Amino acid sequence: MNSDTGTVLAGDHPAAPCGPYGERLLYGWYDTGRAADLTEHLGRYGPVPLSSARSGGAAMPLVRAVEEAGLTGRGGGGFPTGRKLRSVAGASAPTVVVANGMESEPASHKDEVLLALAPHLVLDGAALAAVAVGANAVHLCLPRTRATQADQLTATVAERRRARLDPVPVKVHTLPHHFVSSEETSLVSWLNGGDARPLATPPRPFEKGVGKRPTLIGNVETLAHLALIARYGPAWFRESGSHQAPGTTLVTVSGAVQCPGVYEIPAGSPVTAALRRAGGPQGRLGAVLAGGFFGRWLPVPLSDTAPDRGAGVLVALPEGTCGLAETAAALGYLAAQSARQCGPCRFGLPAVAEDFAALARGTADTQRLDRLHHRLGLLPGRGACSHPDGGARLAASALRVFADDVHRHVHAGPCRAAYAAPLVLPVPAARPPEEEEWR
């Protein structure tokens, strides 16, 4: 159990009927039951193969291996990692690497677990990426809510420095904890001395980022996969997952399952396979949220297809729970967590959240429902970042999946479950604006 947040880490539950928790990124912990120190890590994986990243030019071995492996970002966007590496590696001046461990999605704990159980894999990946793109600085960003983990990682970085393991200096930072603070331009803004709020783009960080230098920003899970590809090669990486989605991925499974926790599954796995890893559902389900607060609701019975790329989150909603009330709470949180820098976040998302709250309460009429649909069509693609897009995606999926409930709430009043507590979704309490910290 993490002392900062009370997060349930993999292994806090009995092994049966759950698991296995992981075969690659979490293998070391699964083998020993504890996080490996540096000596154990090097004994298991060997030295960091920096030579694979040092050759410049178009035939750079590591970049080519990552491209052949088909590794994509594990932070939610799913952008090809090899393409990101190559775009920054072509810079003529020294570059910067940022390891993103902010994980602001409330229902996700995969990055926190990975950094607790396999920190050296993440730091190996950051070192390899830094050499590959010609960086002279690595920044590891965490939320201030995980102060104990930040202290532990600072000690881990110091241990590696004494062992002269990393060719590029690594600095651990703790940033203000907001939903939008994990957005890559928010990290750039904060590291440049500004607020942890998204920046209007272009230029993108790979063009002009930290210190106005080309900057590679990678999720910590992505970097850990990179460290394994450098050691075992792209063919090994593709032995798991599918042709379209190779490798493994970490997913946080919570809600009405037997063993909530973080699991490593083959990429592209159907939702049902991930739920089985967590011991299966606790009774009948009403829906599953895939991708977190920026994701979408999936109806039951679940199909055998994998959900869209998201934040590595599955929340099982038990049958009889009001999905409209759950969505309304999440939308209220997202509206309160915006940077309030552009119209869609200052006005559009709060208006959608207000309309959806009225729908959940049973006080919305058909006119208000029509207005809600209209507003959802206006939000996507209009903000300075993807924050309003994510909220609109969540709301639109709820209107589809819970369509029968929508009809009843509008024409017959709210269901009993609309006022039930506690919520299944982990919706944090929002701070008043005057108490918010952005720097």
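Let me start with a cysteine: C322 counts as buried, at 3% relative accessibility. Buried here means under 20% relative accessible area, exposed means over 50%, and partly exposed is in between, with a 1.4 Å probe and protein chains only.

Some ground rules before going on. This is a predicted model, in which local features need pLDDT of at least 70 and side-chain atom pairs count only at pLDDT 80 or more, while totals for chains, interfaces and linings use all residues. Residues are numbered from 1 along each chain as its sequence is written, and side-chain values use heavy atoms, with hydrogens and water left out.

Back to the cysteines. How many disulfides does a search of the whole structure find? Zero, with a disulfide taken as a pair of cysteine sulfur atoms within 2.5 Å. C322 is in no disulfide, and its nearest cysteine sulfur, in C415, is 3.7 Å away. C385 is also buried, at 15% relative accessibility. Its sulfur is too far from the closest cysteine sulfur for a bond, because that sulfur, in C345, is 5.5 Å away.

One more cysteine is C259, in the loop between β5 (248-255) and β6 (261-266). Helices (H or I, at least four residues) and strands (E, at least two) are DSSP runs, numbered from the N terminus. C259 is buried too, with a relative accessible area of 5%. Between C259 and V66 there are 33 Å in space, C-alpha to C-alpha, and the two are 193 residues apart in sequence.

A nonpolar core is a set of buried Ala, Val, Leu, Ile, Met, Phe, Trp, Tyr and Cys residues joined through side-chain atoms within 4.5 Å. The largest one holds 58 residues, and those that touch the most other members are L62, L85, V97, L114, L121 and L128. Which helix gives the largest share of this core? Helix α7, residues 119-133, with eleven residues. Apart from this core lies another of 43 residues, among them F294, F356, L372 and A417.

L85 is worth a look by itself. Leaving out residues up to four places away in sequence, L85 touches V63, V66, A129, V133, L216 and L226, where contact means heavy atoms within 4.5 Å.

Now for α7 and its partner. Two packed helices are described by the angle between their axes and the distance between the axes. Helix α10, residues 220-232, packs on α7 at an angle of about 75 degrees, with the axes 7 Å apart. That makes the two roughly perpendicular. On α7 the contact uses residues including L121, D124, G125 and L128, and on α10 residues including L223, A224, A227 and R231. As for the terms, axes are lines fitted to C-alpha atoms, for helices over the stretch in contact, and angles run from 0 to 180 degrees between N-to-C directions. Under 35 degrees counts as roughly parallel, over 145 as roughly antiparallel, 65 to 115 as roughly perpendicular, and the rest as oblique.

Helix α6, residues 110-117, is mostly covered, with seven of its eight residues buried.

With a salt bridge defined as a side-chain nitrogen of Lys or Arg within 4 Å of a carboxyl oxygen of Asp or Glu, the count comes to 19. One of them joins D124 to R160, the closest N and O atoms being 2.8 Å apart. D124 sits in α7 and R160 in helix α8 (residues 147-162), 36 residues apart, so the pair links distant parts of the chain. Are these two buried or exposed? D124 is buried at 0% relative accessibility, and R160 is buried at 0% as well.

R144 and E437 also meet in a salt bridge, 2.9 Å from N to O. R144 lies in the loop between β2 (135-143) and α8 and E437 in the segment after α17 (403-411), so this pair ties together parts that are 293 residues apart in sequence. R144 is partly exposed, at 29%, and E437 is partly exposed, at 39%.

Finally, E354, D355, R368, R371 and R375 are linked in a network of salt bridges.
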